[in-house]
Amino acid sequence: MPASAKSLPYRWYKTSIPFNCYFSANQRAAVTRACGKWSDVRTTNGKQMLSLYVVQDSVTVDNVVKFESGLGFGRVAYCLPNPEKGELQAVTIKLESGKKWSVGKAKGCYDIQTIVQHELGHAIGIAHCHEASEGSGPCWSATCLKNVMYPEQTIRTSH
């Protein structure tokens, strides 16, 4: 991991992680693409690290992406992990239902794929890069501000 990468204090005990979301077909496709981005990450020897995927609506799983109102603190989305002794048992990703959402970038809307991809990063144990509390801000490299885990990236790409 690069020196600037940060981890959260939990990990999955399995490598195949199913999610459910009771969304419209195009919204489900956006969540599927977000899962695919993390599933495409490989180790240095080319091995897949995790497989994140969306199950059919009729299948019940513990991990869910859903719309919910009242997330508070001006939040657009939130990842709520359920760890036990450092091992994740389940994750709920909540998208603020009071916000305007789109599939793909649209003026005045939040892009479901971008936001879910960011929250899935937290779900697999990745913290924000360059936390504002560190006082360091972005490193201004060619890729830093485009990193999906940069705290403000999800807002910039959605408006």
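I started with Tyr-110: at 12% relative accessibility it counts as buried (under 20% relative accessible area; exposed is over 50%, partly exposed in between, with a 1.4 Å probe and protein chains only). This is a predicted model, where local features need pLDDT of at least 70, side-chain atom pairs count only at pLDDT 80 or more, and totals for chains, interfaces and linings use all residues. Residues are numbered from 1 along each chain as its sequence is written, and side-chain values use heavy atoms, leaving out hydrogens and water.

Next I looked up the aromatic pairs and found three (Phe, Tyr and Trp rings, the six-membered one for Trp, with centres within 6.5 Å; planes under 30 degrees apart are stacked, over 60 edge-to-face, the rest tilted). Phe-23 and Phe-67 have ring centres 4.7 Å apart and planes at 35 degrees, so I noted a tilted pair. Phe-23 sits in the loop between strand 2 (16-19) and helix 1 (25-39), while Phe-67 is in strand 4 (residues 64-68), 44 residues apart (helices are DSSP runs of H or I, at least four residues; strands are E, at least two; both numbered from the N terminus). Phe-23 is buried at 11%, whereas Phe-67 is partly exposed at 29%.

Trp-101 and Tyr-110 are tilted too: 5.8 Å between centres, 50 degrees between planes. Trp-101 is buried at 16%. Ring pairs join Phe-23, Phe-67, Trp-101 and Tyr-110 into a cluster.

Last stop, helix 1. Its buried residues include Ala-30, Ala-34 and Trp-38. I see the buried residues packing against strand 2, strand 3 (51-54), strand 4 and helix 2 (112-123) (contact: heavy atoms within 4.5 Å).
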